[in-house]
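Please look at the sequence and the structure together, and keep both in view while reading the paragraphs that follow.

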Amino acid sequence: MARGRETAQRVFAAEYNSSRHEDRGTEENAPNFIVTPLGCSVNRLLFMGVLMNKTNTGTGETPNYKAEVRDPTGTFFVYAGQFQPQALNALSALEPPSLVGIVGKVRTFVKDDGTFYASVKPENVFPVDIPQRDRWILETSRFTLERVRALDDAASMEGPTIEALLEKGHTRRAAESAIESLRLYEGADHKYIINGIRTALRTVIEGEGKSVEEMPPAPQAEEKATADVKEKVLEFIRELSGERGALYRDIMKRCEGEGIDKITLEETIQALLDEGQVYEPTIGIIKPI
Amino acid sequence: MDETQLAPVIQEIRRALPELGEDRIEEELRRYLKYGIHLQEAKNAILRRFGARTGASSLGPRSLVDLSGGESNFEITARCLSSKERLQNTANGEKTMVSGLIADRTMIRRFVSWEGHTIEKGRTYVIRGASARLFRGEVEISLGAYTTVEEPKVDPLADLDVSKLPRFGPLQEVKLRDVRSGMGNVSVIGKILSLEEKTIETEGATKKIHDGMIADDTKKLRFTVWSAFLHNIGDVLRIKGAYVKEWRGIPQLNFDERAEIELLEDIDFKVEMSPRLLAEDLVGAGATDVEVAGTILEVREGSGLIFRCPVCNRALSSGSCSMHGEQTGFADLRAKVVLDDGTGALFAVLNTEITEHLLCMGVAECEKRFAQEEKRLVELLEHKLLGKRFRMKGNVIRDDFGSTMLPNGIAADEEPYMDHVMELISKLEGS
């Protein structure tokens, strides 16, 4: 029997972008999966957020779009080419900033030095309104929390198994995620994901009743990226920059030691990018101007 | 060809396929060698062809209960409970098919032989070189060209009492939501919603059966009783020992006098007319009359304005029907979509009425306005559907490509969400 259609997983950018493992399968035509730090196997995903900007990197006849879509926890990087006609069409019609929903397949890029980037190859892109986006946040929070709770239980068990987690009342998908997470990311801290859920839910509450125009595109970016942190991060970037710029990964490591979490860092760099203090010559590299 | 190399290979094959015989092995080997095939390759080809696992010998004796479908070249000792011969037309001409039921001390299973093995009711046989496969969800013992059937001198199953044997595997206690086709021996609790007596013809005789609907608080299923049935609509029953078949991917319970039926007086169910299920529950098994809520993620090809064959109603493709050739079709509207709730993905086909309602336009008007620009109509449908949440009610059928919902009604999912958000965040802040 043919494998059924892959489910579109609900994951926040913070969880998705921190993925460091993929599972290409051994069977012929096996789908490609990214395994997130919480152990969610993602082949297809659904997310909604603010289209921050889009760049046409192709030519008039064969357009290619690179787009950035922010959810309250981070940014999804989206690349649409000629084999995604619906997505190309929709992206060319949408003007940032605007709220969009995207269904897409995972896309991975591993650099020579082993750095892993997870981005998205969109299948369908469509405009959404605030209630739609809010429902996605609620749904994604629930699925994410389900994974967090199963993982917490699994981590406190001796020799955790899927069966033992099912017995504790976890769903099968959450139990499977938890075991996978322990296998691939044992000991990893996932507080930043829980913080991400909080931020996302607050976005819903704070944004209640507002129209898209009234909403700042990335509401919490300005708030948290205080001048202090910004200065510090800029300093690190300068310090770590070689001729070609600084690796995002290295900046992240440096920041970890200073108590700047992943989300704050991403927001700060976004702010620095917006201010034109730094730029991103290629994905994963930040260079001061 | 060095003849001395042949002998050890023949012996090796013989160990793996003892029923094949030395002469036959040599004959087969020489046939391959004549085509310039290497000896090792020829050996592996023969082992695979005659059902041995490469390099491995026969799996040895097995009990019927241990088989899961997929094993080959094992041995069983079993008594034949029923057997009938039938001429069947196949691609290779007319063949005699022998099929029926066999039992050992563990259970009863179906067998089928395409090679005219002599298997008679009431006799016990040692069957060597058989294989097990899944057919319509049941494990079936398959007897092939290289299966031997032999009657032992002393019947080791002379004292076998088949009346207590399960028809299929170990008893599984399940909710109706988790019933899957192919399950052999389930225990369920449910309320009889409808019941009908029918007379059918089977093997030349007429037989009275009952069928109806049974439900618990998770799902409704159709059931068929193949023996006397003394219960009524509204009764809540525990049925132990039912087996599950399917129709269009929707599981159906079957049971007969082997099943243990108990009337439960102090249990009742709140039976929803269309119980809400998750997509993951429907990916493995279809259903009648359920509700699913999810997000529409794709409007698929074949949506919008279509033209149907006036003879058979099939959708025409480029003005041509797959059965009746070129036709002048009549216009119709439909939308084929993907509904995904994060636990699973279902296909759904929205019928004429639903699609007209979505577009606020009838078929005739659509034909007038969009006949020249069908793509625009699809874009309009995408605009109405993509990324939006809907609740759909109806039947879910299942085939090799996945589960398909055929909704008889859909509604935008406008359940308020702010309270849920508040509740979730207060739980999070508290922890």
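Which residues in α3(A) meet which residues in α6(A)? This is a predicted model, in which local features need pLDDT of at least 70, side-chain atom pairs count only at pLDDT 80 or more, and totals for chains, interfaces and linings use all residues. Residues are numbered from 1 along each chain as its sequence is written, chains are lettered from A and ligands numbered from 1 in the order in which they are written, and side-chain values use heavy atoms, with hydrogens and water left out.

On the α3(A) side the residues are R133(A), D134(A), I137(A), S141(A), T144(A), L145(A) and V148(A), and they meet I193(A), I194(A), I197(A), A200(A), L201(A), T203(A) and V204(A) of α6(A), where contact means heavy atoms within 4.5 Å. By class, this contact of α3(A) with α6(A) has 9 nonpolar, 3 polar and 2 charged residues; Ala, Val, Leu, Ile, Met, Phe, Trp, Tyr, Cys and Pro count as nonpolar, Asp, Glu, Lys and Arg as charged, and the others, Gly among them, as polar.

The axes of helix α3 (residues 130-155) and helix α6 (residues 191-206), both of chain A, come within 10 Å and cross at roughly 155 degrees, and α3(A) and α6(A) are therefore roughly antiparallel to each other (angles over 145 degrees count as such, on a scale from 0 to 180 degrees between N-to-C directions, with axes fitted to C-alpha atoms over the stretch in contact). Helices here are DSSP runs of H or I with at least four residues, and strands are runs of E with at least two, numbered from the N terminus.

In chain B, helix α5 (residues 352-359) and helix α7 (residues 374-385) pack at an angle of about 80 degrees, with their axes 10 Å apart. That makes α5(B) roughly perpendicular to α7(B), a term for angles of 65 to 115 degrees.

Key. Angles under 35 degrees count as roughly parallel, over 145 as roughly antiparallel, 65 to 115 as roughly perpendicular and the rest as oblique.
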